[in-house]
Amino acid sequence: MKILIVDDELNNRLLLQKILGRFGHCDMVVNGNEAVEIFEYAQADNAPYDLICMDIMMPGADGQTALRKIRELERKLNIPPREEAVILMISALDSPRVVMDSFRQGGCTDYLTKPITREKLENKLREYSLIGPTAAAPRRDRHTPPA
Amino acid sequence: MKPRILIVDDKPENRLAVCSILDGMEADLVECHNGMAALERVLEEDFALILLDAHMPEMDGFEMLQLMASVERTRRLPIIFLTAIHKDEQHIHHGYHLGAVDYMLKPFNPTILRGKVAVFLDLYRQRELIRQQAADLERQRHRLQLFHDLTGRLDDELMIFDAADGRLLEANQAALDRLGRQPGNFPSAGHIRDAGVLTAAGDDDWETLIGQLRQDGSRKVERDNRLPGGAERITEANLQLTQLEGRDYLLVVVRDVTRRRLTEQALQTARDEAHAATRAKSRFLAGMSHEIRSPMNAVIGMTSLLLESPLDAEQRQFARMVLESAESLLDILNDILDFSKVEAGKLSLERIPFALQEVFEKAGDTLALQAHKKGLELILDLHPALPNPLLGDPVRLRQVIINLLNNAIKFTPRGDVVVAAAPLADPPHDDGHRFHLHCRVTDTGIGIEPGNLERIFDSFTQADDTTSRQFGGTGLGLAISRELVRLMGGRLWVESQPGAGSTFHITVPFDPAPPVPGTAPARSDPVPWVDRPVLLLEQNPTARRVLSDMLTRLQVRVTAPASLAEATDLLPPPGSLVAAPFDILLVSFPAAPLPDDPLPDFLGRAGQLALCLAVLLPANQRPAALPQWGRFTPRHRLIKPVKPAQLEWLLADQFAPTPVPDRIPAGPPVLRRNLDAKILLVEDDPGNRLVATRFLVNAGCRVTEARDGLEALNRLAREDYDMVLMDVGLPGMDGLEALRRIRGGELPEVPADIPLLVVSAQVMEEEKKRFLQAGADGFLAKPYLRAQLLGKVTEMMDLQAERIRQRLRNHQPVISAPAPARPPGDLPTSGMEIAAGLTDLMAHLSQALEQAAFPVVEELGLAIRQTAHHHQADFLRYHAFRLVVAARSRLPDHCREHLTALQRELQRLASGESPPDRSWSPPS
């Protein structure tokens, strides 16, 4: 599984990397612009991300804008919905419903509110079948090229 | 008043004669028989005329005339002498001299007398009129003078202009003072143009102004007149036209509004500042929310990870304390944010359909662990007739209940906490169809002194300061809760007995939500466990009552002994061959077991009591930690607080009949452990969801859960599933609607023919038909058994396999178009120059990488990326950014790889070769 972590704070990036590292390779970028750029490189290299964890509030290009651009790119590249990246938006806001509504329109797969714990995050990964029920290893690797 | 005529004659017959002659004239006649009496009367009363007999005894007419002439009051009274005797000229002259105005000799001609009297009466009337007018004038002059004094003392300027030519006609002292004029010289006092009441621009056109005033009636003119000293002076002139006897006048009032304007400006400024402060506060709080939560995120997350690593006991304790502190800090932060929202009136409530029972059950589950850890029983006592669904804000309601529960648990050292929810006993009867909830949270805690019952709802206050030191907390929970309940239109109050405990009451009215189509109120068909004997062992009396009621409603026959001694009496005699008297033995393990808990001992002997043992466990007890009682191991473990759904599943598992053979396709499906299906489970009830998921996962299925129709559609659009298992009574978009949408092919991403199994508590035939007609592939009635469920799922899987085979036969391969490629843009600068410019950076980069100085690598990489971006050197930028990302992940091999690529790309740029053939387009 290929994972992209987008957060402006080093500690939060490291936390996510610690939790997610066992499931696959994690790249880390620090703002929305970088996220879009690296996402595009990954598409070009034919090694797209399976999972993107993105903070909503970041200085400069925020998560929402990046989310929209990434989904636009996927549409432009004719990527079928089942191969789209699972994008988890991470929010420090306390009104998840509002966040949820606005991000559904932006096309995120789901959202998580801080604080992030291993349990919370792994539950989400399980929910989207990115990992198996026992969380030991990635359940599937959607982008493994056919042998 | 009629004029009065005084007739003075000593002879009655004469008086009578005169009276009869004057009869009918507009006058009152007054008679006097001698001079003295007459004199008295004229001194006292008003008369228009006196008819005076000249010859009378004692005082004759002449003497009386003489006397009257000497008194001012009577001097001018007109008198007609009536005389028969003094007919000579001398007497007549004497009379005239003394003031008589006419003379009549007896016997007199009545017509002449009447004529003369008429003349005098007329004169009298005229005189009276003039006197009255004079008095009126005097009064008016008086009033005018008062008005003048009044206007003279006014600070406002009053002016009257002639509307025809704008001349100043009248002005009060204040106006005159400002204009520098003396009173009285108005004709030359000036023109309205010079009066300083019109604005400088435009209004000087006198005719236009008058024209406008005629139309609008009045007009206000504000102008800023600097005083000679330079002080600000703002005046407001009120101009009004009035008409008097065909002439137009312009009335002007000029008022000094400097103070008012300055006050208004100050108010406006203050208001702007207050708004700015509020905005700043909101921004600050939003910022704080983010700024505090972000680092807290790292603290909590890292500490959890730390706890997963090998630590010695002390380290583990430290880490756990850090975690707990961080979590409580976060709670406090949330409280403060909520409270500031309440304070700013920013807190708004949702109005969505929800199930009351779920709100209470979720709140109970949330706090069960906390209560049980403390050794407290937490009991949910929910009235069976809570209506469903209602309209309201379930999240905020749950927050209130959690707050009250938290509070109860915090202040209760031992005993129990009971959450009871029921319809309000005496709802207001004019409230139609609204449902009034009465919720009580009762504890056996320290209680509250009567004097503190209201204080505890104040923000930042607990009952007293020692309390807050002992128990902690912000003291905001109750204030927030009360405000939330108030916003819901309800009431929150507390009753308490110090030392015995408290009861917090909430009453809230709710509108019923429109019934969700496809849900029936209650299952009415007979259940297979009717009247089966169940023995309940629960030592807490409240919990015993609640559980007994729940079981009774589920139609089993409950025996609930109050003590173990009583229960022991129910044991069959040792060695007896009597069959077990109970089907199920339900044993509740107390949250705070007694030191010499007789329960295990009892259970050791109770094996013969029942066919099946089920235990109710506190949330903090791990099932694995349970002692084993020989063969008699618990078949079911329910976590407290117990909910009706848990008991129903238990009964269904124990008693539901063996499935009818023809409903199971082939072979016992329960043995098919490897039912490898990917299933979307759509079910709103968490308990049901858990059971179904457990059944399916144990059988080898992969299950994704969705809570309502909309979520199900979203999931379906995003991922492929083998089948959908859907409960039809869902909040929001219900199952039938979701089913129709799937089958209608409305959503391009959702396969319209995906196998769909409907689960419903409605087992009426027409209901079942309705779902099948809407396109369901199968129907399963709740409650179901594992075997029934797996049988149906197998059916669906066969169906899916068939459909896939069908689809494969019709399959047309679609080759997706490759991603559009775009060559890198023309380089504005030669590659050589770029490469040369980056030589130093590259050298530093290699060195930093050798020393594993990743932050430096990141910095330098970003710098190269920036340069590349500037020169549109897209491949250079690509490798630079790759290097940056690898450095952030601390991956030296990746870094080296990208550094090499970077060097190669620079060489290529320097040599001017064409770019490598890669198909990607750099971000715009």
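This is a short tour of a predicted model, stop by stop. Residues are numbered from 1 along each chain as written, chains are lettered from A, and side-chain values use heavy atoms, without hydrogens or water. Local features need pLDDT of at least 70, side-chain atom pairs count only at pLDDT 80 or more, and totals for chains, interfaces and linings use all residues.

Select A:Cys26. The nearest cysteine sulfur belongs to A:Cys53, 8.3 Å away. A disulfide is a pair of cysteine sulfur atoms within 2.5 Å. Over all chains the count is zero. A:Cys26 is buried, at 5% relative accessibility; buried means under 20% relative accessible area (1.4 Å probe, protein chains only). Jump to B:Cys701: buried too, with 5%.

**Cavities.** There are five cavities of 30 Å³ or more. A cavity is a set of points on a 1 Å grid over the protein atoms alone where a 1.4 Å probe fits but cannot get out; lining residues have an atom within 4 Å of a point. Select some of its lining, including B:Glu377, B:Leu380, B:Met550 and B:Lys640. Now colour strand 12 (377–382) and helix 15 (541–553) of chain B: each gives two or more residues to this lining. The lining has nine nonpolar, no polar and three charged residues.

**Confidence.** Colour chain B by pLDDT, the predictor's confidence in each residue, from 0 to 100. The mean is 79, and 82% of residues reach 70 or more. Select 518–524 of chain B: pLDDT is below 50, with ten contacts beyond near neighbours in sequence. Contact means heavy atoms within 4.5 Å. End at 919–924 of chain B, also below 50, with 18 such contacts.

Conventions: Buried means under 20% relative accessible area, exposed over 50%, partly exposed in between (1.4 Å probe, protein chains only). On a 1 Å grid over the protein atoms alone, a cavity is a set of points where a 1.4 Å probe fits but cannot get out, and a pocket is an open set with protein on both sides within 12 Å along at least five of seven lines; lining residues have an atom within 4 Å of a point. Grid points are joined across faces, edges and corners, and a volume is the space filled by probe spheres set on the points. Helices (H or I, at least four residues) and strands (E, at least two) are DSSP runs, numbered from the N terminus. Ala, Val, Leu, Ile, Met, Phe, Trp, Tyr, Cys and Pro count as nonpolar, Asp, Glu, Lys and Arg as charged, and the others, Gly among them, as polar.
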